[in-house]
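Reader: I would like a close look at one part of this model. Please take me through a pair of packed helices, and then on to the DNA.

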Protein chains: 2
Amino acid sequence: MPNNSNLDLEAAESWAKKYFLASRALMEFVLRPYDLGTTQWYVLYLLAHDEPINQRELTRTLEIERATLSAVISALVRKGLVEQISDPHDQRQKLLQLTIAGRNLWATLPDPIGLITAVAFDGVDDTEIALANRVLRDATQRLNNYKNERKSI
Amino acid sequence: MPNNSNLDLEAAESWAKKYFLASRALMEFVLRPYDLGTTQWYVLYLLAHDEPINQRELTRTLEIERATLSAVISALVRKGLVEQISDPHDQRQKLLQLTIAGRNLWATLPDPIGLITAVAFDGVDDTEIALANRVLRDATQRLNNYKNERKSI
DNA sequence: TTGCTATTGTTAGGCACCTAACTAGTTTGT
DNA sequence: ACAAACTAGTTAGGTGCCTAACAATAGCAA
């Protein structure tokens with residue numbers, strides 16, 4: 001029964017995935033002319049507001065793994081937008097800061113997040129958005145708890 | 001102001017992303033012992049219920065690009081779980097079907113989607129889930145519409 | 001001081017997503 | 001009938017996510 005399969009899949013994937021993919025796609029679409037990926041943009045955003053930051057700190061803010069961030073940073077360094085400097089107080093850590101080119105680029109960038117929020121939720125009842133967020137937040141917490149319990153056993 | 005930045009980021013990323021990442025992580029955790037990725041599981045699921053399917057059809061069901069599916073299928077073929085057969089009626093198309101090994105593996109697999117739904121939403125009010133889904137679905141549609149309008153201009 | 005342990009970042013390899021460009025078939029239009 | 005346009009799948013290259021294993025540094029303890 002192909003129809004049945006499709007319905008199951010709909011329920012399974014859920015709209016959270018589709019929303020996430022659609023918002024990421026729009027963000028990539030907006031950033032493509034600047035040759036920037038979504039996480040690269042977040043890094044520039046954070047550096048533009050609070051500099052310098054060490055990578056360890058960034059992994060916590062962005063909630064991604066060290067290895068993942070390492071690749072993102074190396075892309076930004078390759079593009080000449082960000083510099084890595086060894087922290088004199090701890091040679092293991094690397095401080096990140098924007099280069100002149102990075103700062104100049106940042107000044108010309110649009111705000112993809114503002115756009116996404118505006119397009120996605122403009123005119124939508126605030127209480128409905130809050131409820132949806134709460135449902136997702138609680139569900140996320142349950143999933144993470146469940147996984148962490150199994151993991152440690 | 002680091003605090004301010006973090007708050008903006010929280011709002012920006014939204015719980016849809018976190019929910020999606022958490023559910024994918026749990027699904028990967030469940031499937032890891034079987035050396036299967038999430039999309040690989042979906043393909044096996046669809047083939048186990050309705051076989052054979054051609055790749056073109058699968059890209060529509062899974063809502064992913066041809067190139068993406070091509071890589072997923074080639075992984076499944078490499079693992080000996082799926083066979084690709086040229087469609088005699090249209091040599092361009094390839095029909096997919098499970099191998100014996102694929103069918104045997106499928107019989108031993110747990111249902112990661114059922115688990116995720118149970119863990120994430122057990123005991124949650126149905127109307128709240130429905131509302132959250134509606135909010136996300138509408139937002140997704142607005143994002144996609146917006147992007148498609150810009151794209152075609 | 002020497003040696004174990006913990007932490008930071010990188011590298012290697014895998015999955016899942018994308019676009020762009022290619023090949024090989026099929027269809028259509030004149 | 002044949003060239004043009006379309007379609008199905010692959011390949012190449014990019015992003016973003018992960019785990020596992022490694023090097024270098026730091027810190028602590030005997």
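Author: Start with two helices of chain A. H2(A) and H4(A) are roughly perpendicular to each other, a label that therefore covers angles of 65 to 115 degrees. Their axes cross at roughly 75° and come within 10 Å. An axis here is a line fitted to C-alpha atoms over the stretch in contact, and angles run from 0 to 180 degrees between N-to-C directions. Helices (H or I, at least four residues) and strands (E, at least two) are DSSP runs, numbered from the N terminus.

Which residues make the contact? H2(A) brings Thr39(A), Gln40(A), Val43(A) and Leu44(A). H4(A) brings Leu69(A), Val72(A), Ile73(A), Ala75(A) and Leu76(A). Contact means heavy atoms within 4.5 Å. Seven of these residues are nonpolar, two are polar and none is charged. Ala, Val, Leu, Ile, Met, Phe, Trp, Tyr, Cys and Pro count as nonpolar; Asp, Glu, Lys and Arg are charged; the others, Gly among them, are polar.

A word on the source. This is a predicted model, where local features need pLDDT of at least 70 and side-chain atom pairs need pLDDT 80 or more, while totals for chains, interfaces and linings use all residues. Residues are numbered from 1 along each chain as its sequence is written, chains are lettered from A and ligands numbered from 1 in the order in which they are written, and side-chain values use heavy atoms, without hydrogens and water.

Now DNA strand D. H2 and H4 of chain A each supply at least two residues of the surface near this strand. So do E3 of chain A, and helix H3 (55-62), H4 and E3 of chain B. Near means that a heavy atom of the residue lies within 4 Å. Of 23 residues around DNA strand D, the nearest include Thr39(A) and Arg56(B). Three residues of this surface are nonpolar, 10 polar and 10 charged. Thr38(A) is also among the nearest; one of its backbone N or O atoms lies 2.5 Å from a phosphate oxygen of DNA strand D.

DNA strand C has 24 residues around it, with Arg56(A) and Gly37(B) among the closest. Ser70(A) places a polar side-chain atom 2.7 Å from a phosphate oxygen of DNA strand C.

Technical notes:
Polar contact = N/O pair within 3.5 Å; in protein donor to acceptor, adjacent residues only side chain to side chain. Parallel < 35°, antiparallel > 145°, perpendicular 65-115°, else oblique.
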